[in-house]
Amino acid sequence: MTTLRLGLAGLGHGDTLLQANNPDNELPIRVTALCDVNEERLDAAARKHSIDAVTTDFDELAACDDIDIVGIYTPGPLHAKQILTALENGKHVMVTKGMVYTMDEVESVVEAVDRTGLVLLVTQSMRGRLDFIDAKRACDAGEIGELFMAEAHYVHDLRPVYKQTPWRVSMPQDLIMGGACHPIDLLRWFMGDIDEVHCVGLRSGVAPEYPQEDCFFINVKFADGKIGRVANLLGMVHPAGERANSLTVYGTKGTIRDNVKTLDADGDLPQREYHTHLPPHGGHSGEMVIMMRHMADCIQNGTQPWVGVREGARVVSTGLACWESLRTGNAVKVRNDF
(Lines give C-alpha, C1' and ligand atoms only; values in the text may rest on other atoms or scores of the structure.)
Protein backbone atom coordinates (compact mmCIF):
# COMPACT_ATOMS: atom_id res chain seq x y z
CA MET A 1 0.00 0.00 0.00
CA THR A 2 1.25 3.51 -0.85
CA THR A 3 2.92 5.41 1.99
CA LEU A 4 1.13 8.65 2.78
CA ARG A 5 3.27 11.82 2.96
CA LEU A 6 2.72 14.22 5.85
CA GLY A 7 3.73 17.84 6.20
CA LEU A 8 4.08 18.69 9.89
CA ALA A 9 3.47 22.17 11.30
CA GLY A 10 4.56 22.69 14.91
CA LEU A 11 7.53 20.87 16.44
CA GLY A 12 6.47 21.04 20.07
CA HIS A 13 3.94 18.27 20.77
CA GLY A 14 3.99 17.68 17.01
CA ASP A 15 7.42 16.10 17.19
CA THR A 16 5.70 12.88 18.31
CA LEU A 17 4.60 12.46 14.68
CA LEU A 18 8.24 12.19 13.63
CA GLN A 19 8.07 8.60 14.89
CA ALA A 20 6.55 7.91 11.48
CA ASN A 21 10.08 8.09 10.07
CA ASN A 22 11.34 5.33 12.36
CA PRO A 23 11.19 2.14 10.26
CA ASP A 24 10.75 0.04 13.41
CA ASN A 25 7.21 1.46 13.78
CA GLU A 26 6.21 0.23 10.29
CA LEU A 27 3.74 3.08 9.83
CA PRO A 28 1.95 3.77 6.51
CA ILE A 29 2.78 7.49 6.94
CA ARG A 30 6.08 9.33 6.55
CA VAL A 31 6.83 12.94 7.48
CA THR A 32 8.34 14.55 4.36
CA ALA A 33 8.04 18.29 5.12
CA LEU A 34 8.36 20.47 8.22
CA CYS A 35 7.15 23.91 9.27
CA ASP A 36 7.95 25.84 12.44
CA VAL A 37 8.60 29.49 13.31
CA ASN A 38 11.63 28.47 15.38
CA GLU A 39 14.32 28.09 12.71
CA GLU A 40 16.85 26.48 15.05
CA ARG A 41 14.38 23.79 16.09
CA LEU A 42 13.26 23.37 12.47
CA ASP A 43 16.81 22.83 11.18
CA ALA A 44 17.65 20.41 13.99
CA ALA A 45 14.58 18.25 13.30
CA ALA A 46 15.23 18.29 9.55
CA ARG A 47 18.81 17.08 10.03
CA LYS A 48 17.87 14.43 12.58
CA HIS A 49 15.12 12.94 10.41
CA SER A 50 16.65 13.57 6.95
CA ILE A 51 13.84 15.85 5.78
CA ASP A 52 14.75 18.27 2.98
CA ALA A 53 11.53 20.30 2.67
CA VAL A 54 11.43 22.91 5.44
CA THR A 55 9.67 26.25 5.77
CA THR A 56 8.59 28.81 8.35
CA ASP A 57 5.50 29.66 6.25
CA PHE A 58 2.40 27.51 6.86
CA ASP A 59 0.78 28.54 3.57
CA GLU A 60 3.86 27.30 1.73
CA LEU A 61 3.65 23.96 3.54
CA ALA A 62 -0.06 23.54 2.74
CA ALA A 63 0.57 24.29 -0.94
CA CYS A 64 3.23 21.59 -1.35
CA ASP A 65 2.27 19.24 -4.19
CA ASP A 66 4.08 16.26 -2.72
CA ILE A 67 2.25 15.86 0.61
CA ASP A 68 -1.08 14.15 1.28
CA ILE A 69 -1.70 15.20 4.91
CA VAL A 70 -1.04 18.36 6.89
CA GLY A 71 -0.43 17.78 10.59
CA ILE A 72 -1.40 20.91 12.56
CA TYR A 73 0.32 21.01 15.97
CA THR A 74 0.49 24.78 16.34
CA PRO A 75 -1.06 26.99 19.07
CA GLY A 76 -4.84 26.53 19.26
CA PRO A 77 -5.94 29.99 18.11
CA LEU A 78 -4.18 29.38 14.77
CA HIS A 79 -5.99 26.13 14.00
CA ALA A 80 -9.10 27.34 12.18
CA LYS A 81 -7.29 29.34 9.49
CA GLN A 82 -4.69 26.62 9.04
CA ILE A 83 -7.27 23.83 8.76
CA LEU A 84 -9.17 25.77 6.11
CA THR A 85 -5.95 26.52 4.20
CA ALA A 86 -4.94 22.85 4.22
CA LEU A 87 -8.38 21.68 3.06
CA GLU A 88 -8.52 24.29 0.28
CA ASN A 89 -5.16 22.94 -0.92
CA GLY A 90 -6.61 19.44 -1.13
CA LYS A 91 -4.87 18.05 1.94
CA HIS A 92 -6.25 15.73 4.60
CA VAL A 93 -5.80 17.13 8.12
CA MET A 94 -4.59 15.80 11.45
CA VAL A 95 -5.04 18.49 14.10
CA THR A 96 -4.28 18.50 17.79
CA LYS A 97 -6.90 19.51 20.35
CA GLY A 98 -8.79 21.76 20.57
CA MET A 99 -9.95 21.59 16.99
CA VAL A 100 -10.95 25.29 16.94
CA TYR A 101 -12.03 27.86 19.51
CA THR A 102 -15.25 29.61 18.41
CA MET A 103 -18.63 28.59 17.00
CA ASP A 104 -18.02 30.55 13.79
CA GLU A 105 -14.79 28.60 13.32
CA VAL A 106 -16.62 25.33 13.96
CA GLU A 107 -19.21 26.07 11.29
CA SER A 108 -16.56 27.10 8.74
CA VAL A 109 -14.53 23.92 9.29
CA VAL A 110 -17.56 21.60 9.19
CA GLU A 111 -18.65 23.20 5.90
CA ALA A 112 -15.16 22.86 4.40
CA VAL A 113 -14.81 19.18 5.36
CA ASP A 114 -18.26 18.39 3.93
CA ARG A 115 -17.54 20.30 0.72
CA THR A 116 -14.08 18.84 0.07
CA GLY A 117 -14.76 15.29 1.24
CA LEU A 118 -11.31 15.20 2.85
CA VAL A 119 -10.49 13.48 6.16
CA LEU A 120 -10.12 15.58 9.29
CA LEU A 121 -8.98 13.78 12.42
CA VAL A 122 -8.72 15.55 15.78
CA THR A 123 -5.96 13.61 17.52
CA GLN A 124 -7.55 13.47 20.96
CA SER A 125 -4.70 11.42 22.36
CA MET A 126 -6.74 9.67 25.07
CA ARG A 127 -8.44 7.69 22.28
CA GLY A 128 -5.07 6.06 21.69
CA ARG A 129 -4.45 4.94 25.29
CA LEU A 130 -4.54 1.16 25.61
CA ASP A 131 -6.20 1.16 29.04
CA PHE A 132 -9.03 3.41 27.84
CA ILE A 133 -9.41 1.37 24.65
CA ASP A 134 -9.74 -1.78 26.77
CA ALA A 135 -12.24 -0.09 29.11
CA LYS A 136 -14.36 0.90 26.11
CA ARG A 137 -14.25 -2.68 24.82
CA ALA A 138 -15.41 -3.97 28.22
CA CYS A 139 -18.25 -1.44 28.40
CA ASP A 140 -19.41 -2.15 24.85
CA ALA A 141 -19.41 -5.87 25.68
CA GLY A 142 -21.71 -5.27 28.66
CA GLU A 143 -19.17 -6.51 31.19
CA ILE A 144 -20.20 -3.92 33.81
CA GLY A 145 -23.86 -3.75 32.86
CA GLU A 146 -25.67 -0.57 31.81
CA LEU A 147 -23.60 2.59 32.19
CA PHE A 148 -25.24 5.34 34.24
CA MET A 149 -22.40 7.62 35.38
CA ALA A 150 -18.80 8.52 34.52
CA GLU A 151 -16.10 10.92 35.62
CA ALA A 152 -12.83 11.94 34.01
CA HIS A 153 -9.99 14.04 35.36
CA TYR A 154 -7.13 15.99 33.82
CA VAL A 155 -4.67 17.00 36.54
CA HIS A 156 -1.46 18.64 35.30
CA ASP A 157 0.76 21.27 36.90
CA LEU A 158 1.44 23.38 33.81
CA ARG A 159 4.24 25.56 35.19
CA PRO A 160 7.02 23.61 33.40
CA VAL A 161 4.91 23.58 30.23
CA TYR A 162 4.56 27.38 30.29
CA LYS A 163 8.37 27.67 30.32
CA GLN A 164 8.70 25.35 27.32
CA THR A 165 5.84 26.93 25.33
CA PRO A 166 5.37 30.55 26.46
CA TRP A 167 2.58 31.15 23.91
CA ARG A 168 0.26 29.41 26.39
CA VAL A 169 0.65 32.45 28.67
CA SER A 170 0.97 35.22 26.09
CA MET A 171 -2.08 34.31 23.96
CA PRO A 172 -3.18 32.85 26.49
CA GLN A 173 -4.14 29.23 25.89
CA ASP A 174 -7.80 28.48 26.64
CA LEU A 175 -7.54 25.78 29.31
CA ILE A 176 -11.02 24.44 28.70
CA MET A 177 -10.64 24.14 24.91
CA GLY A 178 -7.02 23.02 25.22
CA GLY A 179 -7.22 21.11 28.51
CA ALA A 180 -10.69 20.04 29.62
CA CYS A 181 -11.24 18.85 26.03
CA HIS A 182 -9.38 15.65 27.06
CA PRO A 183 -11.83 14.52 29.78
CA ILE A 184 -14.83 15.97 27.90
CA ASP A 185 -13.98 13.81 24.88
CA LEU A 186 -13.47 10.77 27.12
CA LEU A 187 -16.93 11.18 28.65
CA ARG A 188 -18.53 11.66 25.23
CA TRP A 189 -16.77 8.52 23.94
CA PHE A 190 -18.22 6.37 26.70
CA MET A 191 -21.54 8.08 27.42
CA GLY A 192 -22.65 9.89 24.25
CA ASP A 193 -23.73 13.47 23.59
CA ILE A 194 -23.65 15.98 26.44
CA ASP A 195 -26.93 17.87 26.85
CA GLU A 196 -26.05 20.32 29.64
CA VAL A 197 -23.09 21.51 31.70
CA HIS A 198 -22.58 23.50 34.88
CA CYS A 199 -19.03 24.81 35.31
CA VAL A 200 -17.23 26.58 38.12
CA GLY A 201 -13.61 27.70 37.98
CA LEU A 202 -10.97 30.00 39.37
CA ARG A 203 -7.51 31.39 38.76
CA SER A 204 -5.42 29.66 41.41
CA GLY A 205 -2.38 31.95 41.30
CA VAL A 206 0.02 28.98 41.50
CA ALA A 207 1.33 30.10 38.09
CA PRO A 208 1.11 33.88 38.62
CA GLU A 209 1.98 34.63 35.00
CA TYR A 210 -1.13 32.83 33.68
CA PRO A 211 -3.87 35.49 33.46
CA GLN A 212 -7.19 33.63 33.69
CA GLU A 213 -8.96 30.60 35.20
CA ASP A 214 -6.84 27.45 35.34
CA CYS A 215 -8.87 25.10 37.59
CA PHE A 216 -12.38 23.89 36.77
CA PHE A 217 -15.06 21.49 37.99
CA ILE A 218 -17.73 20.63 35.42
CA ASN A 219 -20.97 18.76 36.14
CA VAL A 220 -22.46 17.08 33.08
CA LYS A 221 -25.88 15.76 32.09
CA PHE A 222 -25.91 13.51 29.04
CA ALA A 223 -28.59 13.46 26.36
CA ASP A 224 -30.10 10.27 27.82
CA GLY A 225 -30.33 11.75 31.34
CA LYS A 226 -27.25 10.04 32.76
CA ILE A 227 -24.68 12.13 34.63
CA GLY A 228 -20.95 12.74 34.89
CA ARG A 229 -18.32 15.18 35.99
CA VAL A 230 -14.95 16.56 34.92
CA ALA A 231 -12.10 17.84 37.08
CA ASN A 232 -9.73 19.96 34.97
CA LEU A 233 -7.02 21.09 37.37
CA LEU A 234 -4.11 22.76 35.61
CA GLY A 235 -3.06 25.39 38.14
CA MET A 236 -1.92 23.53 41.25
CA VAL A 237 1.07 21.76 42.76
CA HIS A 238 0.75 18.29 41.26
CA PRO A 239 -0.21 15.78 44.00
CA ALA A 240 2.32 12.99 44.47
CA GLY A 241 1.29 9.83 42.66
CA GLU A 242 -1.68 11.46 40.91
CA ARG A 243 -2.20 10.38 37.30
CA ALA A 244 -2.56 13.21 34.82
CA ASN A 245 -5.51 11.56 33.07
CA SER A 246 -7.98 9.24 34.76
CA LEU A 247 -11.37 7.75 33.97
CA THR A 248 -14.03 6.01 36.08
CA VAL A 249 -17.10 4.43 34.48
CA TYR A 250 -19.98 3.20 36.64
CA GLY A 251 -22.28 0.39 35.48
CA THR A 252 -25.13 -1.53 37.09
CA LYS A 253 -22.91 -4.63 37.45
CA GLY A 254 -19.52 -3.07 38.14
CA THR A 255 -17.10 -0.19 37.92
CA ILE A 256 -13.96 0.43 35.87
CA ARG A 257 -11.40 2.82 37.33
CA ASP A 258 -7.95 3.32 35.80
CA ASN A 259 -7.72 -0.14 34.25
CA VAL A 260 -9.11 -1.96 37.30
CA LYS A 261 -12.49 -3.63 36.84
CA THR A 262 -14.60 -4.35 39.93
CA LEU A 263 -17.60 -6.63 39.38
CA ASP A 264 -20.54 -7.13 41.71
CA ALA A 265 -22.10 -10.59 41.52
CA ASP A 266 -25.83 -9.77 41.49
CA GLY A 267 -25.42 -7.39 44.41
CA ASP A 268 -23.82 -10.01 46.65
CA LEU A 269 -20.44 -9.54 48.28
CA PRO A 270 -17.58 -10.15 47.91
CA GLN A 271 -16.79 -7.98 44.94
CA ARG A 272 -14.34 -9.37 42.43
CA GLU A 273 -11.49 -7.26 41.14
CA TYR A 274 -9.79 -7.80 37.80
CA HIS A 275 -6.70 -6.13 36.34
CA THR A 276 -6.07 -6.06 32.60
CA HIS A 277 -2.39 -6.49 31.75
CA LEU A 278 -1.45 -4.39 28.75
CA PRO A 279 1.81 -4.06 26.79
CA PRO A 280 4.05 -1.04 27.39
CA HIS A 281 2.44 2.04 25.94
CA GLY A 282 4.93 4.90 25.86
CA GLY A 283 2.72 7.85 26.83
CA HIS A 284 1.93 10.45 24.16
CA SER A 285 4.41 8.82 21.80
CA GLY A 286 2.56 5.52 21.90
CA GLU A 287 -0.78 7.26 21.54
CA MET A 288 0.36 9.10 18.43
CA VAL A 289 1.61 5.92 16.77
CA ILE A 290 -1.92 4.54 17.15
CA MET A 291 -3.38 7.81 15.85
CA MET A 292 -1.21 7.76 12.73
CA ARG A 293 -2.23 4.18 11.94
CA HIS A 294 -5.85 5.23 12.36
CA MET A 295 -5.41 8.27 10.11
CA ALA A 296 -3.97 6.13 7.35
CA ASP A 297 -6.88 3.68 7.73
CA CYS A 298 -9.36 6.56 7.38
CA ILE A 299 -7.75 7.80 4.16
CA GLN A 300 -6.96 4.47 2.53
CA ASN A 301 -9.97 2.41 3.62
CA GLY A 302 -12.70 4.96 4.30
CA THR A 303 -12.85 4.25 8.05
CA GLN A 304 -14.81 6.80 10.07
CA PRO A 305 -12.43 9.00 12.14
CA TRP A 306 -12.69 8.39 15.88
CA VAL A 307 -12.90 12.16 16.39
CA GLY A 308 -13.92 13.60 13.05
CA VAL A 309 -15.11 17.11 12.35
CA ARG A 310 -18.51 16.69 14.01
CA GLU A 311 -17.17 14.96 17.10
CA GLY A 312 -14.56 17.70 17.30
CA ALA A 313 -17.31 20.32 16.90
CA ARG A 314 -19.30 18.86 19.80
CA VAL A 315 -16.26 18.97 22.08
CA VAL A 316 -15.76 22.65 21.16
CA SER A 317 -19.47 23.32 21.70
CA THR A 318 -19.26 21.71 25.15
CA GLY A 319 -16.25 23.85 26.02
CA LEU A 320 -18.02 27.03 24.93
CA ALA A 321 -21.03 26.07 27.05
CA CYS A 322 -18.69 25.57 30.02
CA TRP A 323 -17.34 29.10 29.63
CA GLU A 324 -20.87 30.51 29.40
CA SER A 325 -21.85 28.59 32.53
CA LEU A 326 -18.80 29.82 34.42
CA ARG A 327 -19.53 33.44 33.50
CA THR A 328 -23.29 33.32 34.19
CA GLY A 329 -23.43 30.86 37.08
CA ASN A 330 -26.15 28.90 35.27
CA ALA A 331 -26.41 25.43 33.76
CA VAL A 332 -26.07 25.79 29.96
CA LYS A 333 -27.37 23.61 27.12
CA VAL A 334 -24.81 22.19 24.69
CA ARG A 335 -25.26 22.39 20.94
CA ASN A 336 -24.89 18.98 19.23
CA ASP A 337 -26.57 19.56 15.86
CA PHE A 338 -23.67 19.81 13.42
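How many cavities of 30 Å³ or more are found in a search of the whole structure? In this predicted model, the search finds three. The largest cavity has a volume of about 70 Å³, and its lining is made up of Asp 131, Asp 134, Ala 135, Arg 137, Ala 138, Glu 143, Ile 256, Asn 259, Val 260, Lys 261, Tyr 274 and Thr 276. By class, the lining of the largest cavity holds five nonpolar, two polar and five charged residues.

The second largest cavity contains about 50 Å³ of space and is lined by Gly 98, Met 99, Val 122, Gln 124, Met 177, Cys 181, Gly 312, Val 315 and Val 316. At least two of the lining residues come from each of helix 8 and helix 10, of which helix 10 gives the most, with three residues. Six nonpolar and three polar residues are present in the lining of the second largest cavity, with no charged residue.

Helix 4 (103-116) and helix 10 (309-328) each contribute at least two residues to the lining of the second largest pocket, and the largest share, three residues, belongs to helix 10. The class composition of this lining is six nonpolar, five polar and three charged residues.

Aromatic pairing was also considered, and a search of the whole structure finds three aromatic pairs. One of them, formed by Tyr 162 and Tyr 210, is stacked, with 5.5 Å centre to centre and 5° between the planes. This pair links distant parts of the chain, since Tyr 162 belongs to helix 6 and Tyr 210 to the loop between strand 8 (194-202) and strand 9 (215-222), 48 residues apart. Both Tyr 162 and Tyr 210 are buried. Phe 216 and Trp 323 form an edge-to-face pair, with 5.6 Å centre to centre and 85° between the planes. Because Phe 216 lies in strand 9 and Trp 323 in helix 10, this pair ties together parts that are 107 residues apart in sequence. Phe 216 is buried, with a relative accessible area of 1%, and Trp 323 is likewise buried, with a relative accessible area of 11%.

A further site is provided by Asn 21, which is found in the loop between strand 1 (4-9) and strand 2 (29-35). With a relative accessible area of 12%, Asn 21 is counted as buried, because this value falls under the 20% cut-off. A polar atom of the Asn 21 side chain lies 2.8 Å from the backbone nitrogen of Val 31. When residues up to four places away in sequence are not counted, Asn 21 touches Arg 30, Val 31, His 49 and Ile 51.

Definitions and conventions:
Residues are numbered from 1 along each chain as its sequence is written. This is a predicted model: local features need pLDDT of at least 70, side-chain atom pairs count only at pLDDT 80 or more; totals for chains, interfaces and linings use all residues. Side-chain values use heavy atoms; hydrogens and water are left out. Helices (H or I, at least four residues) and strands (E, at least two) are DSSP runs, numbered from the N terminus. Ala, Val, Leu, Ile, Met, Phe, Trp, Tyr, Cys and Pro count as nonpolar, Asp, Glu, Lys and Arg as charged, and the others, Gly among them, as polar. Buried means under 20% relative accessible area, exposed over 50%, partly exposed in between (1.4 Å probe, protein chains only). A polar contact is a pair of N or O atoms within 3.5 Å; within protein, one must be able to donate a hydrogen and the other to accept it, and residues adjacent in sequence count only if both atoms are side-chain atoms. Contact means heavy atoms within 4.5 Å. Rings of Phe, Tyr and Trp (its six-membered ring) pair if their centres lie within 6.5 Å; planes under 30 degrees apart count as stacked, over 60 as edge-to-face and the rest as tilted. On a 1 Å grid over the protein atoms alone, a cavity is a set of points where a 1.4 Å probe fits but cannot get out, and a pocket is an open set with protein on both sides within 12 Å along at least five of seven lines; lining residues have an atom within 4 Å of a point. Grid points are joined across faces, edges and corners, and a volume is the space filled by probe spheres set on the points.
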